[in-house]
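Me: I have a structure to read and want to learn the features one by one. Where do we start?

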Amino acid sequence: MATDTRIPVIILTGFLGSGKTTILAHVMELIDPARTEIIINEYGSVGLDQYLIQQVKEETQVLKGGCVCCQLRSDLVTVLQQVANRIDSGERIDRVIIETSGLADPAPIIFTIYTDPMLQNRFRIGGVITTVDATTTHSHLPPHPEWIKQITSADWVIITKKDIADQHDAAMLARQISSMNPSAAIYTAKNGHVNHEKEFLKDLLSLNSRGNLVWQKDLTSSTADHHDSKETTASLSLRFAGTVNWSAFSVWLSMLLHAHGEHILRIKGLLDVGSPGPIVLNGVQHIVHPPIHLSEWPDEDTVSHLVIIVRGIDPDRILDSLHIFGRFIGAALVKV
Ligand SMILES: Nc1nc2c(ncn2[C@@H]2O[C@H](COP(=O)(O)OP(=O)(O)OP(=O)(O)O)[C@@H](O)[C@H]2O)c(=O)[nH]1
């Protein structure tokens, strides 16, 4: 039997804030980063995930301001074509990992790779990994449509944040996932580390994709825009000129989440609080993860930036509340 020499593309998906970047950073520590091409897709117009990956791999491709499964699909084709050209010029690339935005449907990405005349000869699907957050899942009933698509497309599901989740909820979630997608292998992660890590990596990097039947069936019907939630999703990208008063900002954030928590799907940002390095802020629905203080800024852009993704609420309401709080927060707000 002839060996398939096409480069495997692994799709890493999962709802907003479910832990994709965290898992990717750990996986990159365990595999050869130089031979792994990473493409990160961010829904917001400001990309932040690459800063976290930078510690394990300096060069990553970032596609921002939409999803690679619809608005940015042609950009994905261009980036993969460039990867193929680099391989033709002698560069050794063993695999591509695409971290999708949290609102992506993996099926159209698979469809693109298998139907684009150039890509189909150079790349194959190595599998779909879906991260599912054990701490927030029960809070979105009925579930977000993207969440269902991501789970049913998966070859591997990683239930994340088991270290801080209610264990009963996590066990119920595992049963729910198995009934939604019986062919997926289910792993869990604590503090961003996958359990049975060696087995997981061996499976992930094996030459053959696990070949999930659900996404193969979906390939024929995946060209339409997938954002079919009844409520509008919007992304706000903000910058603050000057130093942010962290205490006042935290009060504003707590009040915001208290009032509109279920509409705030994701908040992340780098904030200048007057120290040499920024604070990395990470909020997922009503939960704000412990902020991390970096010792220095990841690049020359040292202005605070914040991305807020909302569903079912007018983003101007958030802007209004920020303006009201502005004089306490200290820094001037600039909408990108
Ligand atoms: N305690 C705990 N926190 C986690 C775990 N995995 C991720 N987190 C935290 O959850 C937050 C979001 O994680 P990310 O890896 O940025 O999630 P993401 O899916 O890449 O987010 P988006 O790209 O915005 O969709 C961060 O504050 C992480 O530190 C875990 O297993 N345990």
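Reply: With domains. Their bounds come from an automatic or database domain assignment. This is a predicted model, where local features need pLDDT of at least 70 and side-chain atom pairs count only at pLDDT 80 or more, while totals for chains, interfaces and linings use all residues. Residues are numbered from 1 along each chain as its sequence is written. Here the protein is divided into domain 1 (7-221) and domain 2 (233-335).

Me: Why does the ligand lie between domain 1 and domain 2?

Reply: Because both domains give residues to the shell around the ligand. A residue is near a molecule if its C-beta atom, placed from the backbone, lies within 6 Å of it. In this model 23 residues surround the ligand, and the closest are G19, T21, G102, N282 and H289.

Me: Which helix or strand gives the most to that shell?

Reply: Start with the rule. Helices (H or I, at least four residues) and strands (E, at least two) are DSSP runs, numbered from the N terminus. Helix α1 gives the most, with three residues. At least two residues each come from α1 (20-30), β7 (185-190), β10 (264-271) and β11 (279-284).

Me: How do the shell residues divide by class?

Reply: Ala, Val, Leu, Ile, Met, Phe, Trp, Tyr, Cys and Pro count as nonpolar, Asp, Glu, Lys and Arg as charged, and the others, Gly among them, as polar. The shell around the ligand has four nonpolar, 12 polar and seven charged residues.

Me: How many residues of domain 1 are in contact with domain 2?

Reply: Contact means that two C-beta atoms, placed from the backbone, lie within 7 Å. By that rule, 15 residues of domain 1 touch 17 residues of domain 2. The domain 1 side has six nonpolar, eight polar and one charged residues.

Me: Is T160 buried or exposed?

Reply: Count C-beta atoms, placed from the backbone, within 10 Å of the residue's own: 20 or more others is buried, 12 or fewer is exposed, and in between is partly exposed. T160 has 28, so T160 is buried. T160 lies in strand β6 (residues 156-160). Leaving aside neighbours within four places in sequence, its contacts are S18, G19, T131, V132, D133, A134 and A189. T22 is 138 residues away along the chain, yet the two C-alpha atoms are separated by 9.7 Å.

Me: How many residues of helix α4 are buried?

Reply: Eight of the 10 in α4 (residues 106-115) are buried, so the helix is mostly covered. Among them are F111 and I113.
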